[in-house]
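This report concerns a model with several chains and the contacts between them. Please consult the sequence and structure shown here.

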Amino acid sequence: MHAYESEFREPLINGMDKNYTKITDDLIAPVERNSTMWWIATLLTGAGSLFFVFCLGWTVWFGIGTWGLNKTVGWAWDITNFVWWIGIGHAGTLISAILLLFRQRYRTGINRAAEAMTIFAVICAGMFPIFHMGRVWDAGFIFPLPNTRGPLWVNFNSPLLWDVFAISTYFSVSLLFWYSGLMPDFGTIRDRAKGKWRKYIYNLLSFGWQGNARQWQRFESLSLVLAGLSTPLVLSVHTIVSFDFATSVIPGWHTTIFPPYFVAGAIFSGFAMVETLMLISRKLFNLEDYITINHIESMNKIIVLTGSIVGIAYLTELFIAWYSGFLYEQFAFYNRILGKYLWAYYIMMGCNVISPQFYWFKKLRRNLWVTFILSIFVNIGMWFERFVIIVTSLADDYLPSSWAYFSPTWVDIGIYTGSMSVFLFLFLLFSRFFPSLAIAEVKAIFRISSEVAKAERAKKEGATHGGFVGMQTVGPLDKDSKGN
Amino acid sequence: MSDKIYWKGIEEKEQLEGFRTLAAKEFAEELPVLSSITEPVTTGKSSRKDFLKMLGFSTTAAVIAASCEMPLRKSIPYVWRPEEIAPGIANYYASTFYQGGDYEAVLVKTREGRPIKIEPRDKQNARVTKGGSSARAQASILSLYDNGRFRNPKRGKENITWETADKEIGEKLKSLSGKVVLFSNTVISPSTKAVIADFGNSLGAGKFEHLQYDGISYAGILDANEKSFGKRLIPAYNFDKATVIVGVGADFLGTWISPTEFSHDYAVNRKLSKEKKDMSRHIQIESVPTITGYKADTRISVKPSEELTALVDLYNIVTGGGSSKNEKINKAGKELLAAKGTSLVVSGSNDVNAQLVANAINNALGNYGTTITWDRPYNTKQGSDKAVSTLIEGLNSGSVKAVLFYESNPVYNSPVKGLADALKKAELTVSFANRVDETAVACNYVLPDNHWLESWNDAEPKAGILNTTQPAISKLFDTRQVQETLLKWSGKEGSYYEFLKKNWEANFYGKQSTYNGFWAFWDNAIADGEVELPAAGGASYSGGDVAGAVSAVSAAAGALGNDMQVKFYESIAVGDGYWSDNPYLQELPDPVSKVTWDNYIIASPQWMHKNGYNIDPDFKAKEYAVGKLTVNGQSVELPVVGVPGTPEGVFGVALGYGREAVAHPELGVGKNVFGLLTAKDGNFIDVAKATIEKTGGVKQVGITQTHFNITLQDLGGVKTRKTVKETTLHEYKQNPAAGNEDRAEILEESVTLYPEHKYPGHHWTMVIDLNACNGCGACVVACNVENNVPVVGKDQVIRSREMHWLRIDRYYTGEADNPDVVFQPMLCQHCDNAPCENVCPVAATNHSSEGINQMAYNRCIGTRYCANNCPYKVRRFNWYDYQEADAFDKRYGTSNDNHPNVVTERFGLSEPLTRMVLNPDVTVRSRGVMEKCSFCVQRLQGAKLEAKKENRLLKDGDAKVACQTACATGAIVFGDRNDKAAEVTTHFNDERAFGVIEEIHTMPNVLYLTQVRNREEEKNYEILDYYHPEKMEKKNKKEKV
Amino acid sequence: MSATTATPNKFVIGLWDHEEVYLHAIEHIRAKGIQIYDSLTPFPVHGLEDALGYKETRLHTAGFFFGATGTTLALSFMTWVMTTNYPINFGGKPYWPVPSFIPITFELTVLFAAWGMTLTYLVRNKLWPGRVPRIYDKRTTDDRFALVFDAEALSEADITSIKDVCKKEGAVEVKDKVFEAGE
């Protein structure tokens, strides 16, 4: 039956007033309550999304020439944004899948929102490869469809084609994972629903969930296998994205270190974005008892880990460039550090390598403000990482004769900021109409990791537990074991 | 927007109908229809729509016309029998190009009766230009379809008919009290001269004068020759016979007298092979860098004043009296003496005395009769700088009452002011210009001449070498050939064609012995485009006052002072301004500075560094600091662009920019500096004392190659990239692979896991001889015309979006103050392991079985991944609908300093008229599509088809690519390397052959031959980091220590 | 589950508020040989299926076969296209570049497995948009753990005894529920 948890672990559900009823009330509250704050935010981001659409329309009407690109720099903000969003989209599945496999209970507090974030981030990411095409109306060509040209299929050697498969797979699998988890909670909302229509709609959404033992049994099995599938998937997606660069011949792109380095970076930025959003919504929807400092701290630990991995990757790149003795490679990195884009390089270094190191200090790790600011820093840094890799490498490659400089136009900027509005807009809709915490899963850990449960057990200290099965172990008393 | 497209649709529909009706009923019984095309298409109240209709109409009509000898009379195609004009098959007509003072022997390629390309004639029929071509000739095809062309005769602004014009002007000419002046640039057509003479006679004695004026003046050398030889002509220079060449400020490979010919001859003696291991020695003494100087073995960088003193010094040295302060010049002098009789000294100065000294030097060296011959002097430069002032005086004094301007634009390109006002005094001013220009605007009548592609004519570029011009298309507008007009006015019956024929029969037929029967002679003359008559005598050197000249030259040099000096030079692209309304030429990067769409002040990077001008532009926006250059009182403000090799305190500004009367405002770029030339005893001198000051302003310049820091000295002197390889002749003789030693290693190291693909059929390959290429840019324009490469305009070039499939890379090596330069034509390398092919998701680019890296435009979705992954960056993306291939918005959706509005009108070859130049064999790429060099695959397929029809294998030379045919020096060799006998195969296996960045194992099918310099002194061949001159100076010091 | 073939409409329902108590209740009730018709919980209670004596689900096995289909389909299709249907020379690579196939093969494997499994899951769990389930008690998705007994065939005596057992086993509420046929 219930796994036992060391008393020294902090609870993941705070507040002595908690019980199942209370949990349900608290978690569904955002969906049942109406808030003006929400309306304002939604309208603002809605407007931003319209501007996004306008900029895309402008691009399609006049041509890619409306961007700052040139004959030498064929990709800049478009693909930078694409990789950035995809990276952000990695946290969700990672949290739900890998943390599930590792039985990290703190995932329950954040997985739902994180998964939703994944979906929305991937939607934003998908926009860029589509609209960066010179002839977006012919986008269908990238699918291996039977046609009258020979028949001419696609080029299975092209990393860009691999992307198509990777991204679409990733998107749909994340969607399944997310939605299968949502069904029971929709059931809960349905059963509390007052209005006829509300009941009808949520029943529709819940696919008629009932919650009997059989369903739960298969539910568990499904989520376990999906987790098992998603774990390699989430790693493969950014690996394949990194192939776009790694398999090319451009100095600064042609690097075997990219796959792990990109994946680490993705988790890094993904967790940061989750934090940014969770910190806001836990305030907004008073979920402090369910998204606790404990949650934040655990994520900060992952951030400092991945941040350091990324940092090592940067240094390795530099070393290998020098060690390779290959002039062009050496120049590419010389150019990153001292070239015309050095400012970008140092922003990247500062935000990605320096800033997360603050998390070695427990105080800072558990400080909400520090966490919030750093989470934003990290995402700025990760955007610049992609910019540095893509643009500086392209701007000065092999032949000095064709070197050029990229600077964005208002359309570039509009599309990027627009995509952020789209992301927030979708997230706001989600948090208003969908349960943004996995209600069932939170309840599942209530008996294990809630303040209440711990108190109960504390009372029964020493006594043999009537019904309780499970071994009693006392973890080592040193502080470090805390929150592990 | 949408309804605009709708109307466009209608136009196209109706145009098509024009075609269909004709296609339906072809040939004989339809002949009456032709009357309607001999009718000018723009008469009456016909709208633009009708005009388009008629364009489609005349195009097809010309097919029929040519086949039934109606409007074109008897014109014999070069390769094809006329009745064989079939849709889809090109016809080539021998013709002669003589425009803006440039002569070239050409073939006109027509498709469906529409001229679409100018090709050079084969050597045996091009005795002057020797099968070479120039950027200007290549681009000139566009002037036929120029929007600036006059479409009918005009009185002031109002359109009139030819009848009215003839009547009014005829009366005026009779009633005139004063003289009539025909003002033209040098006329080289004997028959035209005859027509002019007749016209003069018809006016009566003393009533007529013909003045010739060349915008780029050669009066200095002409007058000098008159003094030393009694002939006001320019002798033939034989660069192929010279072993030691000393050029003093003469850009003979770029612009001087007959550059195409000289480039060819020069290259003959510069190419190396297993058989020929020796080459000529070329020393260039010059101030403002030119491609000639950059190609020289030794370039002596001096001030304009020192160009003059150098001549004096050389004269003293070769005549054994004295020496120069400049050691290099002493050495040059010694080398000249060592090569008596096979040496050659040329001076570009327009100062009579300087040229007198040059003649004296050549005479002292005994070069006359060997490297300089008088048997066939040039007729192409005969203008007098005094012409304009003569005309103005005549007009002001009232002795001249009527002026007729023919092929001349003195209002724009004469340093003498006040012509426009003086013209107001005349009773009759007529311009025969066929395109709008400043002089035409100042005249009260414009009687447009036919375009040369619509005309009959002849030409005698060199004495005794006669060329014919035949029409390649029925005239597009209501124009009339000048000769016809003059014949009419002088009351002659019959057409100019008849006159031409008679003239030839009378004057030339007798002089030759090859053909008997005039018709045989005439037919061959037209079919070949050229006949050679026996050489007409020579001239003997009579000295003249050399001593006087020497002191005069020294005086002139002294007058220029020792401080800042400016030199006004002719740019390869736009010449004297005649070409600045040609988009192709405006967008051709200047070989020396790589700047397009502008003129600017050339300065020394070191000087700029010291005086706080940004050497490398702010690369973000290509912004250059603007300088105010003042020459005796008059000043001009232009951006200052650094060009290595310019001595400090020397500045150069190109002539020919800043045209005011042009069809499109963007063509009027730059500033007109003709006004800044100074007159010296009647001739215009291109050098002057100058002062310059910073205005504080900046200007964006459409430069295509900027100079970033490319060496890695900061990282402990890592060896620089070997993009180009060079060596000295000395080293080459020791080891043919000198400078290219690392290649063996590279090839050894390029191993692969995969089996390599076989190319059993053809394996197309190109080899470019860096020793022969002088960067003139003819190939670039030829490629543009052949492959419908769009012109994108200044704004887009500033955004680094020029579309050229073939560009010429320029690398500096050696010292910063006087570097060596290598020109490297860079095009798609058609790698057998092409990085671009692997990454295209939709298989739009892949490898052909003949080793060509091919593009399927209609499959391309424009991800630009291929361009990113191209190590040579030769792929070009259609950022906008540059060529109206699609019904997209015709505007740019971005703004910048040149285009402050957010959306601005696009500039390109998108107007219905200019689109007539497009090559029907090559897809016009739509927006959002990637494009690049295709090895002229359409030509290869055509050649294969020919061979197949003749049931034989493809011979070497059957398939020629556009850049190769245009190249005057034969630097570009193309062919099938599976053919062991092919020229390209021998080059491919030459020890000098190398591929660019082969170390990444792309296996390019384009190889280069190392540049070899004929000199002893070694130089470090690191590509120059002149982005940091101060660093270079340090470096040089280190080396000296 | 119920022995009767036709869907029953008459039920006895016991509600618990603590999963531990609930689990023990199930063990004891089953020990008494009482048939449990269905059991509903607000979240997956660990060990519930064992307590109810359910067999392990074979869903994951299905997943494996779906995945295998994806793998073979991807590999065979790409091989056919590149070698048989339209072989093209891309950058000097061989016509059968196996390494290039790995990413897509992997992705399709995952795609097929995931979708196949989820669809099977929906079918086996009788979940689809618009399905209207029988709600025995609204709070079973909130804070109550329910046991449902088929009362169709039972006598009043048995019903009361079941109710007693439930109460004895700590049920916080025991009630009857009758659905109209077809509801």
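## The interface of chain B and chain A

In this predicted model, the interface of chain B and chain A contains 35 residue pairs in polar contact, with both residues of each pair at pLDDT 80 or more. Several secondary-structure elements of chain B each supply at least two residues of the side that touches chain A: the strands β33 (807–813), β37 (876–877) and β38 (891–892), and the helices α28 (835–839) and α29 (865–868). Of the elements in chain B, α28(B) gives the most to this side, with 4 residues. Sorted by class, the side of chain B that touches chain A comprises 33 nonpolar, 18 polar and 20 charged residues.

The contact draws 71 residues from chain B and 67 residues from chain A. The size of an interface is often expressed as the accessible area that is lost when the parts come together. For chain B and chain A this buried area is about 5,700 Å², and carbon and sulfur atoms account for 60% of it. Between the two chains, 3 salt bridges are counted. A salt bridge joins the side chains of K873(B) and D397(A), with an N to O distance of 3.0 Å.

## The interface of chain C and chain B

Chain C also touches chain B: 9 residues of chain C are in contact with 13 residues of chain B. About 1,000 Å² is buried between chain C and chain B, with 57% of this area coming from carbon and sulfur atoms. Three residues, N89(C), F90(C) and G91(C), supply 49% of the area that chain C buries against chain B, more than any other three residues.

How many salt bridges does the rule find across the interface of chain C and chain B? The count is 0. Polar contacts, however, are present across this interface, in 5 residue pairs with both members at pLDDT 80 or more. The side of chain C that touches chain B is made up, by class, of 5 nonpolar, 3 polar and 1 charged residues.

## The fold of chain A

Chain A has 17 helices and 0 strands. Its radius of gyration is 24 Å, close to the 23 Å that the globule rule gives for 484 residues, so chain A is as compact as a globular protein of that length. Along its principal axes, the C-alpha trace of chain A spans about 80 × 55 × 45 Å.

Of the 484 residues in chain A, 65% are buried. Contacts in chain A between residues at least 6 apart in sequence include 82% that join residues at least 24 apart.

F207(A) is placed in the loop between α7 (196–205) and α8 (213–246) of chain A. Is F207(A) buried or exposed? Its relative accessibility is 14%, so F207(A) counts as buried, the cut-off being under 20%.

W597(B) lies in the loop between β21 (595–596) and β22 (601–603) of chain B. W597(B) counts as buried because its relative accessibility is 0%.

Definitions and conventions. Residues are numbered from 1 along each chain as its sequence is written. Chains are lettered from A and ligands numbered from 1 in the order in which they are written. This is a predicted model: local features need pLDDT of at least 70, side-chain atom pairs count only at pLDDT 80 or more; totals for chains, interfaces and linings use all residues. Side-chain values use heavy atoms; hydrogens and water are left out. Contact means heavy atoms within 4.5 Å. Buried area is the accessible area (1.4 Å probe) that two parts lose on being put together, summed over both. A salt bridge is a side-chain nitrogen of Lys or Arg within 4 Å of a carboxyl oxygen of Asp or Glu. A polar contact is a pair of N or O atoms within 3.5 Å; within protein, one must be able to donate a hydrogen and the other to accept it, and residues adjacent in sequence count only if both atoms are side-chain atoms. Ala, Val, Leu, Ile, Met, Phe, Trp, Tyr, Cys and Pro count as nonpolar, Asp, Glu, Lys and Arg as charged, and the others, Gly among them, as polar. Buried means under 20% relative accessible area, exposed over 50%, partly exposed in between (1.4 Å probe, protein chains only). The radius of gyration is taken over C-alpha atoms; the globule rule is 2.2 Å times the number of residues to the power 0.38.
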